[in-house]
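Here are my notes on the model, point by point. Please read them with the structure open.

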Amino acid sequence: MKIKGLRWWMVGLVTAGLIVNYLARNTLSVAAPTMMKELNFGTEEYSRIVVAWQICYAFMQPVAGHILDAIGTKLGFAIFAAAWSLACAAAAFATGWQSLAFLRGVLGVTEAAGIPAGVKASTEWFPAKERSVAIGWFNIGSSIGAVLAPPLVVWAILHGNWENAFLIVGGLGIVCTVLWVLFYRHPRNDTRLTDVERDLIFSGQEAQYSDTNTRKMRWTQILASRNFWSIGIPRILSEPAWQTFNAWIPLYMMTERHMNLKEVALFAWLPFLAADIGCVLGGYLSPIFVRFFNVSLLTSRKLTVLTGALCMIGPACVGLVASPYAAIALLCVGGFAHQTLSGGLYSVTSDVFGKNEVATATGFGGMMGYLGAAAFTAAFGIMVTQVGYAPLFAVLAVFDLIGAVVVFVLARKPDFNAGERPADTGLIGSRSVA
């Protein structure tokens, strides 16, 4: 049976997987106050647990991306999704911060394929003009997972114990994995795809995606290219903000703003709801910039990144407000800002790398980002007790603004039709323009 708009259903599958992916990682931050009491560990140990996840996630991202490029999106995503579901459920059996750090490290290894798979699926199923919109919609899964975590985890704690939260999320992950295996296919092989939609997809893709004989770059070529560092450096600078929001907002609300567990359940999800809006609106900003400012597609992605970076000034002002509700509002601006910026960076990646290396490049970029996040988290766990939260939130805004400048300076569009590769756009100089 032919299905109209099948590409959007495929985005829905990716989104469902990322919802559970981020629900699994955010379950810990909401359960942390309760777990810290029951398992007897403090803020510094908690930061080590978070860092364990971040480091494992960081180093596994390029490996996961390479695996996805090698064995395909469907099989690769299915293997990793099943693994992260089991790893999440295993956290219910932690007996102390050391065992919890180990299990969260395993979760980091298995979750690393989520974003590279989403970017790769979007490049397979969408023409270039729609790709930023598709990335915005699948990226919304990261925020929805964070939105669902506070009420789900608090409900599990109030009606049983924190262990149940990890078991429930692990079970949801298995369900999503089964759905993925049953329904995801490459557009070239999907008989449910109408001829009109198939023509729309393949006629609108750049040469690096439509050419079935395109050679694959070596990972060393990817790392040596100017275009990789145009996304790698901004990832290092921007990812600490998102990881800080994911790992520290519930603790910030309880320790700095003196909210109780029920208030956390009521308000901690709001910054991630704003992040959902950032995901979707950020995806539509690119075609808006193209239409009204008559800029190139790549320049429109850069302007989206800049928009997100400028909005990060909001959470930088969180220390200037006395009301906890005003603080939450500013953190909502931060959630919107980061996901707008993040979607722009993923779109830049899909523009400047070909189909055989886009997941690998995304993975390496993610590795850079999470290494930066791990370093910031380790410092955050120590510095927050000495200088408080406000100066650290301000630093995050400065990081993002610098990252936006880097994107504008370094990112260049290779001429794939002329046989130019991303690696040809060297660290010094360029034969193409943005």
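1. N40 counts as exposed because its relative accessibility is 70%. Exposed means over 50% relative accessible area, buried under 20%, and partly exposed in between, with a 1.4 Å probe and protein chains only. N40 sits in the loop between helix 1 (6–38) and helix 2 (43–71). Its phi is near 60 degrees, a positive value in a residue other than glycine. Most residues other than glycine have a negative phi.

2. A word on the basis. This is a predicted model: local features need pLDDT of at least 70, side-chain atom pairs count only at pLDDT 80 or more, and totals for chains, interfaces and linings use all residues. Residues are numbered from 1 along each chain as its sequence is written, and side-chain values use heavy atoms, with hydrogens and water left out.

3. H258 also has a positive phi, near 60 degrees, and is not glycine. This residue lies in the loop between helix 11 (226–255) and helix 12 (261–267). H258 counts as exposed because its relative accessibility is 65%.

4. The protein has 18 helices and zero strands. Both are DSSP runs numbered from the N terminus: helices are H or I, at least four residues, and strands are E, at least two.

5. Look next at helix 14, residues 297–311. It has 15 residues and reaches 22 Å from first C-alpha to last, close to the 21 Å expected at 1.5 Å a residue. That expected span is 1.5 Å times one less than the number of residues.

6. Which residues of helix 14 are buried? They are L298, T299, S300, R301, K302, T304, V305, G308 and A309. These buried residues pack against helix 6 (128–158), helix 13 (270–293), helix 15 (313–316), helix 16 (324–352) and helix 18 (390–410). Contact here means heavy atoms within 4.5 Å.

7. Now the overall fold. With 434 residues, a compact globule would have a radius of gyration near 22 Å, and the protein agrees at 21 Å. The radius is taken over C-alpha atoms, and the globule rule is 2.2 Å times the number of residues to the power 0.38. Along its principal axes the C-alpha trace spans about 60 × 45 × 35 Å.

8. Of the 434 residues, 61% count as buried. Among contacts between residues at least 6 apart in sequence, 82% join residues at least 24 apart.
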